[in-house]
Amino acid sequence: MNTDKTKVTVPLMSDLFSRGETPEYLFWVGSAGAFDDRYKKVTREFVKILTHFNVSYAVLGTEETDSGDVARRAGNEMLFQMQALMNIELFKMYGVKKILTCCPHDYNTFKNEYSDLGGNYEVIHHSQFLANLTPYPPLQIGEGEPKGVRSITFHDPCYLGRANGEYDAPRKVLAALGADMVEMKRCKSFALCCGAGGGQMFKEAEAGNKEVFIERIEEAIATGADIVATACPFCMVMMTDGIKYKNREESMKNYDIAELVSMALGL
C-alpha cells in the first residue's frame, strides 16, 4: 500500500496462516473502506497508525465479502444469514477472536447479531482502539493550512452511540489531540442521524421538507467549528455532501478521527 510518505505493507490473514501465525486482530476493512474513494483514505491512515504502533493485525483481502448489515436492514434476511454464516466459517478457519473495524454498522453486526448464528468475538470500533492509544501529540492540520488546534464538532454515529452506548471513546481521542471541542445542539444520545443508516443510503429520499443530512450539517455549521469529525463511512458521505450542499468547502472540513490522529502523529 503506497502512502504519501512511505510504503506500508498490509499483512494478509492467508499469508500469516500459511506460516502458522495468528495475528491478535482481524482488521475488517468493510465495503466502504475498500471501495469508496473517500473512505479508502481513512483505511490508509488507520493502517499507518496500526503499523506505527506495531499492532499485530491482518486483513482478509479478497476473501473479505460483507458483514451483511445492509442486507438485513433492507429486509433481506436470507442474504444476511448467508453472508454471516460464510464469514463465521472463515473466521473459524483463521482462529479470529478479535475484530477491529472502522464501521459502526459492521461493529454492531459482528458484536450483537453474529452471536445468534454461533459467531462470538471481541469487537472493537476504531474509536475505542484509538482511545486506548492516547496520548497523542497536539493536532496540527497539514501544510498550507493554519497550524495549531482547530475547533472540532463530533457527529455521533447511530450504531456506535445509541445502538451500543459508546459516546466517550471518540471524544477522548479528540480531547487527546488538544482539540477545542464544541458540541452540536443534538449530541450523544440525542444526536440526529446523518440520514444514511438502515439502508437509507441506497434508496431515494422520501417526501418531506428537508433531507436529514442537510438538517444535520446545519447543526454542525451552527457550532462555528471548522472541522466536523466523524467515525463512520456512512456519516462521512452525508456530512461531506452536506458541506458541499451548503457551499462550506472552504470553511469546513470533514475528517474521520483516524485521519486526525494520523495528522497529529505526522504519518
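This report walks through some strands, a sheet and a few aromatic ring pairs in a predicted model.

## The sheet around S5

Let's start with a sheet. Four strands make up an open sheet, lined up in the order S6-S5-S7-S8, and their pairing is parallel. S6 and strand S8 (253-256) sit at the edges with a single partner strand each, so one side of each has no neighbour in the sheet. As background, strands of a sheet pair through backbone hydrogen bonds, and the pairing can be parallel or antiparallel.

Now zoom in on strand S5, residues 151-154. Are its faces covered or open? Both are covered. Ser 151 and Thr 153 lie on one side, Ile 152 and Phe 154 on the other, and all of them are buried.

## Who S5 pairs with

S5 has strand S6 (residues 180-181) as a parallel partner, with 2 bridges between them. Here Ile 152 has Met 181 of S6 as its bridge partner. To get from S5 to S6, the chain passes through helix H8 (residues 168-176), and this β-α-β crossover is right-handed.

S5 also pairs with strand S7 (residues 227-230), again in the parallel sense, over 3 bridges. Ile 152 turns up here too, with Ile 227 as its bridge partner in S7. For Thr 153, the bridge partner in S7 is Val 228.

There is a helix to look for as well. H11 (residues 257-265) lies across S5, S7 and S8, and it runs at about 85° to S8.

Next up is strand S1, which covers residues 25-28. Both of its faces are covered: Tyr 25 and Phe 27 are buried on one side, Leu 26 and Trp 28 on the other.

Which strands does S1 pair with? One is strand S2 (residues 57-58), which runs parallel to S1 and is joined to it by 2 bridges. In that pairing, Tyr 25 stands opposite Tyr 57. Another is strand S3 (residues 98-101), paired with S1 in the parallel sense over 3 bridges. There, Trp 28 has Thr 101 standing opposite.

## Aromatic rings that meet

How many aromatic pairs does a search of the whole structure find? The search turns up 11. The pair formed by Tyr 25 and Phe 129 is edge-to-face, because the ring planes are at 85°, with the centres 5.5 Å apart. This pair links distant parts of the chain: Tyr 25 belongs to strand S1 and Phe 129 to helix H7 (residues 126-131), 104 residues apart. Tyr 25 is buried, since its relative accessible area is 12%. Phe 129 counts as buried too, with a relative accessibility of 9%.

Then take Phe 27 and Phe 46. Their ring centres are 5.3 Å apart and their planes are at 65°, so this pair is edge-to-face. Phe 27 is in strand S1 and Phe 46 is in helix H3 (residues 37-52), so to speak two distant parts of the chain linked by a pair 19 residues apart. Phe 27 has a relative accessibility of 0% and counts as buried. Phe 46 is buried as well, with a relative accessible area of 0%.

## A cluster of rings

Back to Trp 28, in strand S1. What does Trp 28 join through ring pairs? Its ring is part of a cluster, linked by ring pairs, with Phe 80, Phe 91, Phe 110, Tyr 114 and Tyr 121.

Key
Residues are numbered from 1 along each chain as its sequence is written. This is a predicted model: local features need pLDDT of at least 70, side-chain atom pairs count only at pLDDT 80 or more; totals for chains, interfaces and linings use all residues. Side-chain values use heavy atoms; hydrogens and water are left out. Buried means under 20% relative accessible area, exposed over 50%, partly exposed in between (1.4 Å probe, protein chains only). Two strands pair if DSSP finds at least two bridges between them. A crossover is right-handed if, with the strands pointing away from the viewer, the path from the first strand over the helix to the second runs clockwise. Rings of Phe, Tyr and Trp (its six-membered ring) pair if their centres lie within 6.5 Å; planes under 30 degrees apart count as stacked, over 60 as edge-to-face and the rest as tilted. Contact means heavy atoms within 4.5 Å. Axes are lines fitted to C-alpha atoms, for helices over the stretch in contact, and angles run from 0 to 180 degrees between N-to-C directions.
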